[in-house]
Structure formats: structure tokens, C-alpha cells
Amino acid sequence: MIVDCTLQLFYTIANNGKPLPTTANPLTAMPNPWTGIGNPYTRLEVVDRLKATLAKGQPIIAAGAGTGISAKFIEKGGADLIIIYNSGRFRMSGHGSTCGLMAYGDANAVAMEIGEYEVLPTVKEIPVICGVHATDPRRRMWHWLGKVKDMGFSGVNNFPTHTIVDGHFRQVLEETGMSVQKEFEMVGLAHRMDLFNIVYVATPEEAIEMAKQGADAIIAHVGTTVGGSIGVTNAVVSWDHTIKVTQDIIDAAKSVKPDVFTLTHGGPINTPKDVELILSKTTADGFVGASSLERMGVEDSLTQLTREFKGVNWSRG
């Protein structure tokens, strides 16, 4: 009891009167021990934050960010998590997010660079997650995850992910040393290293394996997002398919880990109304938006604002 009271006193003094966070008295922000605010958070701190969001009756909203300015205003808008993908750099350069799956650069290095120089210095308080390309044969994954943690990220995500690759090419990847099994193993390793895990899956079987590895949050990925200038138009699944696959993935994940967070992503889920629909039709806890938040917000607002500038009343006379 004396130790607890002393720790409470030291923490309160060091943090300008803020009490020590406990299960009964959680802080909105559980600060890092060096700066007093923000990343990195421990795995359980991130979990507690997300539980607090659900306890308020709010869905969990995670957002992809490819630039510092995106991250800054995503945080201002109240997102619960920011995820950095290599695809964010392509997306915010005007290219399709699927570029992130192609051989257009070192996915791990790109995500790390965005985090180090753009997002982590800009975000003040919400947890920042690093996309990790787990099947990269040039990386010692334990070593790379150590760098991710040292950089100040609070968790990892499995992107680029081979879970959304199918058909003959997926089979080739599975048979030539680039199997999704490496993504499962990365998640298990990150869990043991106290990194929060929020992971993509495309099937119930993948959800089960991720849950077994200790994933904290599982995202039902139903394909590339529709809409905008570079979203898919015909290569999209139906709402019936989206709802069924999402719920099947949720049920599979929770059969292994009942307390896992489950989120939706992709396909026809593009607007807030779409998110309301998918959350009303499934038992998902929230939504992960990348193109639907970052890219769509820029496309519409910049187009309209530029038109307004071009339309100002002006006369030289």
C-alpha cells in the first residue's frame, strides 16, 4: 500500500496533477514515460484505450495516414488509431493503393520513413501503428520489429498483406517462401514483444490463425475500396457478400479469442453511411479507413475549394 501511494504521488507530481492510470481510473491519454504524452504505448495501454472507446458507445475508428498533414487532422477529428502503410505514400501521390502490393520500393522502409519524419513528430496523443511487410525475405523479423518499437510505434499491422492475394499467384507465393504463414509468425512475435497487433485477414481461416497468434484486433478486408478518382469501379464485391464475409470472419476470430476487437474495411464501405450500415448488419466493433478517409477527404475538398477560388468575382477595371 505504501509503495502504491508513493508511486501515485510521484506520478501525480511528474504529470502536473494527473493521477496514475488504473483500471478504475484510466486516463484518456496514457503518456510515454519520457515526454509525458503520446507514443509509444504498451500493448495493454492501447487495448484499454479501445475498450474505453467502446464503453462510451462509440465505434473504433482507425485511419491510414500517408503524410504528416493527414495524420495531424485525422487525430484532430478524433480517430482512435493511425496506421502507416507504404500504400499511403502512393495514395497521397495520386496513385491506387494497390501500388503498395507491387515491387515499387521497400515497403518496410517506406512505412518507417513516413513514421519517423512525418507522422510520429506530428501526432500528439493517439497510438500510431506501423505497417510491416512480414514476408520480406531480406528482413530478420525480430530485428525489424525491434526497430519499429525503438522508433516509437505502439503496434504493428500486416501490410502489405498476402491475405488479399488469391488464385494462382497466391499459390505461387505460398509455395516459394512468401507464405501468409510468415504474417502469422510476425504477429505472434510482435505480441511477445509487447506490440499491439491490428491485422488484416480475408477469410475465417486466417482470422482463426491470427487470433491464435495473439492478434488484438482483426480487420475483415473485403477488397479495394470503391469510389473517387482511383478507387475500383467493377472489381468490387456486393453488399451481401461484404456483410456475410465480415460476420464469418468475426465469428471465427471470436471462437478463438472472445475479447478480440473486430473491424471492417474495404469494398463498398466508403462513406460514414456505409460504415453505419455494415456496423448495423454485423457485430463489428468499428472501421478502418485509408482511401475512404485520407484520399476521399482530399479529392472532394480540394476540387471544390479550387473551383471556389476560380469563381471569385474579379475585374481589372
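Guide: Welcome! Contact means heavy atoms within 4.5 Å. The model is predicted, so local features need pLDDT of at least 70 and side-chain atom pairs count only at pLDDT 80 or more, while totals for chains, interfaces and linings use all residues. Residues are numbered from 1 along each chain as its sequence is written, and side-chain values use heavy atoms, with hydrogens and water left out.

Visitor: Which residues does isoleucine 219 touch?

Guide: Setting aside residues up to four places away in sequence, isoleucine 219 touches Asn157, Ile198, Val199, Tyr200, Val201, Leu263, Thr264, His265 and Val288. With Ile198, 21 residues apart along the chain, the C-alpha separation is 7.2 Å.

Visitor: What makes isoleucine 219 buried?

Guide: Its relative accessible area is 0%. Buried means under 20% (exposed is over 50%, partly exposed in between; 1.4 Å probe, protein chains only), so isoleucine 219 counts as buried. Isoleucine 219 is found in strand β6, residues 217-221; strands are DSSP runs of E with at least two residues, helices are runs of H or I with at least four, and both are numbered from the N terminus.

Visitor: What makes β3 a paired strand, and which strands are its partners?

Guide: Two strands pair if DSSP finds at least two bridges between them. Strand β2 (residues 81-84) is joined to β3 by 3 bridges and runs parallel to it, with isoleucine 83 opposite isoleucine 129. On β4 (residues 155-157), β3 also has 3 bridges in the parallel sense, and asparagine 157 of β4 is the bridge partner of glycine 131.

Visitor: Which way do the residues of β3 point?

Guide: In β3 (residues 128-131), Val128 and Cys130 point one way, Ile129 and Gly131 the other way, and all are buried. In a regular strand the side chains alternate between the two faces of the sheet.

Visitor: Which members of the largest nonpolar core touch the most others?

Guide: Of its 46 residues, Leu145, Met186 and Ile218 do. A second, separate core of 20 residues includes Val46, Ala62, Leu81 and Phe196. A nonpolar core is a set of buried Ala, Val, Leu, Ile, Met, Phe, Trp, Tyr and Cys residues joined through side-chain atoms within 4.5 Å.
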